[in-house]
Amino acid sequence: MSNPPAGSERPGSSDDFGNAIPLTTKIANLVIAVVLIAIAASAIAATSDFPKSMLAADVGAARFPIIHSGALILLCLILIANTLRAPTAPAADGQARVGIAGYAGVALGMLATAACIAAMEHVGYGPATAVYMAVIMALMGQRSPVWNPVLAVGVTALVYGVFHYMLQVPLPVGSLFE
Amino acid sequence: MKVTNRLSRRALTVGLSASALIAGAATLPGAAFAADYPTKPIELIVPYAAGGGTDLVARAFADAAKKHLPQPIGVVNKTGGGGAVGLTEIMAARPDGYKIGMGTVEITLLPHMGVARFTVDDFTPIARLNAEPSAITVKADAPWKTFEEFLDNAKANPGKVRIGNSGTGAIWHLAAEALADRTGTTFNHVPFDGANPAVTSLLGGHIEAVSVSPAEVSSQLAAGQLRMLAVMADQRQKAFPDVPTLKEKGIDLSVATWRGIVVPKKTPAAVVETLRTASKAAAEDQSFRDQLAKMNLTWAYADGPEFGQVMQKDNAFFKGMMTKLGMAK
Amino acid sequence: MHELDLLMGGFATLASNPLALLLALVGVALGIVIGALPGLTATMGVAILLPFTFGMDPVSGLLMISGVFFGGVYGGSVTAILLRIPGTPAAAATAMDGFELTRKGMAGVALGTATLSSFLGGTASIIVLIFMAPILAGFALEFSAPESFALAVFGLSIIASISGRSVIKGLIAGFLGLLIATVGMDPMDGFPRFTGGYTELFNVPFIPVMIGLFAAAEAFKTLEDPKVRLGMAAALGRILPDWPTYRRMLGTVARSSGLGIVIGIIPGAGADIAAYVAYNEAKRFSRTPENYGKGELAGVAACEAGANGCTGGALLTMLTLGIPGDAVTAVMLGALTLQGLQPGPLLLKDHADLVFTLFAGMLFCYVAMLVIGLGSLRFMGRVLQMPKSVLTPVILVLCIVGTYAINNSLFDIGIMLAAGVAGYFMQKWDFPASPVVLALIMGPMAEANFRRALSLSGGSYDFLYTRPITVVLLSVAILTLLLPLVKRWRAHRMESRRPGATSPQNQA
């Protein structure tokens, strides 16, 4: 396939060098920067509980996290400054729009993954993975009543065979069957 | 309980293959379940990474146990937290004997550091398989030929002698701390990410000594690059008969790491019995002893009760030691 | 040439032991599979195989393990290039340019280049191991904590050159990675940091994060476009690069192999670091550095030659000093002792015949890897002909199962998912993932060795400027970090002189 997936290739554009930035990217930059500053600040706050090192010549457990967090805050502030200073560009050029349906698909895929992990704990690898495969395939457009279940069960069994028998990695049994 | 005990003994005397048949046929839950143990493969949780010393002991044991149990033992590595993750899993496992664990000396260390949810009393000991003492090893070209010279130098230069260990709070660090405590010296304890990097650093002359086990320095000793001054054991090591013990030097200190099979506390007595019998047979199997010898590991079988005493003794010792050092929480 | 005679003798012994050759082949094939699957690393493959080698003769057993080791290092590149699933941390570097090539429909050439370069790098490293082992062994011992710290800093300085479009965002990703890398047990005191009481977080869950950031994020992205869902993934194209193309890369391959060998010798540094360093140096010496990150074949060649160059270096330290530099060689050390061979200075003296038979076998393993690799690429490339609606679910399942396999932990899958979600948004807003992975590799190494060095020197910071290797590495690191920044800054000054352009005056 020659055309790359949406939003991957925007050669030449650069967000932090004064070039015009689309409004959505501006908002995203600001939100991400603020979130990261919050994370870094809370990390610094958490280091106040760290004990002093037992070793005489050591700088202690807190030193490096504080340095990293400090640098992270500084860099985020620079990003915020750059973003605010840059002019706003009209809606993204060359970037294919991802519609509501697209984002819904991604969100459903992520939710299904979370559900699969939760289910694996109780019903074990087999059922959780087969259902998960079927759901993701359905999300991706493979909705054939024959192929969808056949592929889901087939791949699940194949992966089980490879991991359990060939590589001797035991897969979760599930607390209900233990 | 009497019934289950008799049943289990009968099952064993009838023969292992027969007991497997009975087990397969038996559908009764409860008491009969324990008696027919094991009816399915047993999982052996190893709290350290595949390929490490503990893992190798576990795999050699699982291999040897095949002949003495109707069901195979599968090794599962659950790493993380310096052993805390795997040991917690063993502690929290359903006490039916199908999830057993490789207990290590960390059972008696981690609880005092406040990083574990278990204590030594959460485990029922089955069998100790292996034990390695701590030893003080220096470079072959070091000016100290004997342990006394080494100690005199350390006393004359407090805080200057650097002893490498396998990590702060790990067994070899505590061994060196205990030595400092008993002899009234101060060392500079340098933690490494495991014993191997510490030995590398010693070879490069970046530290003065290491406190790791003889097995971990044996090839460099054989090549004449390192010199072992003393072992922290009650008796001299078979492989190194010329190296004196600390006891001979008038210091009453022996510190050793150990590895052995443990199960969760509430495991039924019949299951514990079966495992103890099988573990004894497997541990005394020549193939197992040969495997350990090849890896330079010391075979140190001890039956459940005796193993339990070692665990309790170490637990008390390390608790006192760590409280003194300010590491205990 | 005493070594050459011994090596010839080794080949002769090997020729009379067809079983050993067969097992070596099996080992290489198994290694490629293990390396290609996410989460399964060469270390794990070697450990799984170890019990099976108990009953074999030393040569067969050790060659099979070597095969898994070599194949495992190489195998990671296959899925990294085809699917952006880095099977191993080193392959995360390969994925940077490899997957871009796949997007351009040049997956075949990328795979062929990776295979050839892996073979050349690996073979070169084994030849160095054979002929120069005793000379180079001492080098490993020069490396103490200050040197390792400097190496890690050098590794971190690479962030500037793999940041992609925005250096600021690259640095933000890098420092976020460094902060994440401090989660878990503190390397000196064993104090658990930022764990929230979860024992699972005591060690940084590095591989789950990597799988999530690369593979899962990519899979989530394919979910967003309804049109892509039914399409085929990409074309494979030709497999072998044409000779003029590859000849231009030989310099890069040679340099990367050399770097790989040296880094392999250093204890505690392995294929992951070698791949990134080789990539960075390839870019530094390239006439077209701007192509890196957008599908540059030489970038793939550098990473693979560097990563496989490590194998011989790591074996060198293990065999001659009895010290394993990384987890794989630690297991191999166990395998050797189990076979009654004590690695260390005496090994080459006491068991020269056997060791040289092994060396001959290792060269055979690399040839086998080349043949199996090139022979199976067409077949493996079929993956790309699968409809995306089937491929994406399969990738996600492999991510889940592979992550589980690392520690048999469902918790890790949760981490993987979180990293996947984060990676999806990072990709969306141009925050590169590679600096995070690099920081996770180098961060703990930098911190542990800095603090250890301080402890060794009794609290004095003199080690930063009194040790030659440290000084050189730190200087190179500063240059690596600053040069691209200076270049960009100058470029932008030129640009900003044009009327109407806003002046960008940040230092990035």
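## Contacts of chain A

Two residues are taken to be in contact if their C-beta atoms, placed from the backbone, lie within 7 Å. In this predicted model, four residues of chain A are in contact with seven residues of chain B. On the side of chain A that touches chain B, three residues are nonpolar and one is charged, while no polar residue is found there.

Chain A also meets chain C, in a contact that takes 73 residues from chain A and 71 residues from chain C. Several helices of chain C, namely α8 (167–181), α9 (206–222), α10 (226–230), α17 (388–407), α18 (410–428) and α19 (434–456), each supply at least two residues of the side that touches chain A, and the largest share of that side, 12 residues, comes from α17(C). By residue type, the side of chain C that touches chain A divides into 40 nonpolar, 16 polar and 15 charged residues.

## Domains of chain A

The domain assignment gives chain A a domain 1 (21–89) and a domain 2 (100–166), and the C-alpha centres of these two domains of chain A lie 37 Å apart.

## Domains of chain B

For chain B, the domain assignment gives domain 1 (37–131 + 257–325) and domain 2 (135–231), whose centres, taken over C-alpha atoms, are separated by 28 Å.

The contact between the two domains of chain B takes 11 residues from domain 1 and 10 residues from domain 2. Helix α12 (residues 304–325) of chain B provides the largest share of the domain 1 side, four residues, and that side of domain 1 of chain B is made up of seven nonpolar, three polar and one charged.

Definitions and conventions. Residues numbered from 1 in each chain as written. Chains lettered and ligands numbered in written order. Predicted model: local features only at pLDDT ≥ 70, side-chain atom pairs only at ≥ 80, totals over all residues. Nonpolar A, V, L, I, M, F, W, Y, C, P; charged D, E, K, R; others polar. Domains from an automatic or database assignment.
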